[in-house]
Structures are given as C-alpha cells and as structure tokens.
Amino acid sequence: MTKLEQKIRELHRTGQPFVLVSVTAGSGSMPRHAGARMLVRANGGTEGSIGGGALEADAVRQALRIFETKTDVETPFDLTSEEAACSDMICGGSGTLTFAYYPPERSVGGLMEDRGMLYIFGGGHVGRALAQAAGLVELPVRVFDDREEYANPERFPHAACTVLESYAAIPELLIEEKDLLAIVTRGHLGDADVLRWALRQKAGYIGMIGSIRKRDMLYRRMEAEGFSREQLARVHSPIGLDIGAETAEEIAVSILAELIAERARRRKEEDG
C-alpha cells in the first residue's frame, strides 16, 4: 500500500474529509503521467504529487475551495513555456485535473490501486539492495531464500520473507501479470530451478542475474528440457538496464530502473 493510500484510509477511518486531485488526461511533455494523484486535507496539507511547481500550488488552492462547495470538478490546464519555466518544470503539456471531494460517508474503496508485487529470489547482497530500492518507489516486496539467516525480518524489515527448503520447492503462489520476478540466487545455484518455475507463471516481468555466457548455457539446458525460445524470450537477462553497474547497490538501481521502464511500457500499451 502506498503512502497516499495509507493516508486515504487514515482520514476515512477518522472521519476527516479530503479532496483527491488526479491527472485524468494529458498530452505533451507533462511533469507527471495521467493517473498521478495528490490528496489535499482541509488544512492545506498534502500527500502525493501531480508534478510540483505552479500547477500543484494552484491545484491546492482549488482543492481548498472545494471544501466549501463540496462538489467534484474537472478543470483543464495548459503549461506554456513561460509557466513551465516559472514552476521549475521543463514541459509544455496540457491536460485535465479532476478534483473529487470525499466526505466521511463517501466510499474510498475504489481509490486503492491494484499494485504488483516484486518477488525476489535470493536474499544476498543484490536481493537486499533491490528490496531497499523498491521501497523508494513503494513497491511491495516478498523475498525467498533457502537460508533463514538471509530471509528474515531483521535483514528485510519492509518485506515479507519466506525460507525455502530448496529453490526446487517454491510454494504455490498466485502470480499475476502485474507481478515482477527477480532471480538473484547466490552463486546462481538456484537460478535454473527458479527459472523453470517462473516460466510457468503469468508474471509480467521475469529478470535473471548473470553474464551472457552463463545465461546462454542455462538457456541451452532449458531448451533441451522442452522450453521454447519464445518462453525464454520473456526473460530479461542479464537483469537490469546496462548502466555499467558493478556493486550490489548499483545493480539494484539498474534492476529497479528496468522494472519502472517495463511498468511504464505496459501502462502505455493499456492506455492505447
């Protein structure tokens, strides 16, 4: 659950009204994509962002007026070059902002985003750094390892942890297209077992760490077992964007960047 969603539930539970500002349509070089949201409380406090600068400041002022009118409103916006420069945003897009008023009696169930889960197989240095990086973009994480000392709440305080008997014994999981799988087992010892399992799942992203040589050797082995080249083409390997990463932390950043890029690509395809 994102911080915005947590705040929505908190305000609803305590009977406090709020206004939700959403970018519902847009074109050009906008600071945030359509779907960006910001919550405004009656005292002017906010959670989330629609891009900052003059656009966001004006949206807060409009939202405060809605606490008086108690009506939902849609307003267009147009960021000219001059306005963009004044708001520290290099853009020039236009679009629509929706202001929705939520008194305590209005349901907030539809505001909860259906976010994917990042499943990390391997709780070593890269797995730990990746879980920490995922927290920066509020991506929920579940970690699997066959060593209890590498899959525990102390090592991963913000992730769910599962200790496996072996990577060949992954429990039954409800994996959906929105979910993301990262294979980073120690010494690549569990990669083949996890990959066999992963290729049978509906995950929208499968990434596996390792060199091209190591990957190709494993792929030949998988093809001999009956997996097709089309199935193997789903896998991002070597995992992460090619930014010359070397340390565990740098590799984690490259993986997270690829996850964000894939999520944005799917969003664009869904929007048509």
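## Sheet and strand order

In β11, His-236 is the bridge partner of Gly-207. That pair belongs to a predicted model. Two bridges join β10 to β11, and these strands run parallel.

## Around β9

Strand β9 pairs with β6 in the parallel sense, over four bridges. Here Phe-121 has Ile-183 of β9 as its bridge partner. β9 also pairs with β10, again in the parallel sense and over four bridges. On that side, Ile-183 has Met-208 of β10 as its bridge partner. The chain crosses from β9 through α5 to β10. This β-α-β crossover is right-handed.

Leu-180 and Ala-182 point one way. Leu-181 and Ile-183 point the other way. All four are buried.

## Two nonpolar cores

In soluble globular proteins, nonpolar side chains tend to be buried together. The largest nonpolar core in this model has 25 residues. Phe-121, Leu-181, Leu-195, Trp-197, Leu-199 and Ile-206 touch the most other members. At least two residues of this core come from each of β6 (118-121), β9 (180-183), α5 (191-198), β10 (205-208) and α6 (212-224). Helix α5 gives the most, with five residues.

## Salt bridges

How many salt bridges does a search of the whole structure find? The count is 13. One of the links is a network of Asp-145, Asp-146, Arg-147 and Arg-186.

Glu-10 and Lys-7 also meet through their side chains, at 3.3 Å, N to O. They are three residues apart in helix α1 (residues 3-13), so about one helical turn separates them. Glu-10 is partly exposed, with a relative accessible area of 32%. Lys-7 counts as buried, at 16% relative accessibility.

Asp-216 and Arg-215 form a salt bridge at 3.1 Å, N to O. Asp-216 is partly exposed, with a relative accessible area of 28%. Arg-215 counts as buried because its relative accessibility is 18%, and the cut-off for buried is under 20%.

The side chains of Arg-221 and Glu-225 meet in another salt bridge, at 3.9 Å, N to O. Both partners count as partly exposed: Arg-221 at 45% relative accessibility, and Glu-225 at 39%.

Definitions and conventions:
Residues numbered from 1 in each chain as written. Predicted model: local features only at pLDDT ≥ 70, side-chain atom pairs only at ≥ 80, totals over all residues. Heavy atoms only, no water. Core = buried A, V, L, I, M, F, W, Y, C linked by side-chain atoms within 4.5 Å. Buried < 20%, exposed > 50% of the residue type's maximum accessible area, 1.4 Å probe, protein only. Pairing = 2+ DSSP bridges. Salt bridge = Lys/Arg side-chain N within 4 Å of Asp/Glu carboxyl O. Right-handed = clockwise from strand over helix to strand, strands pointing away.
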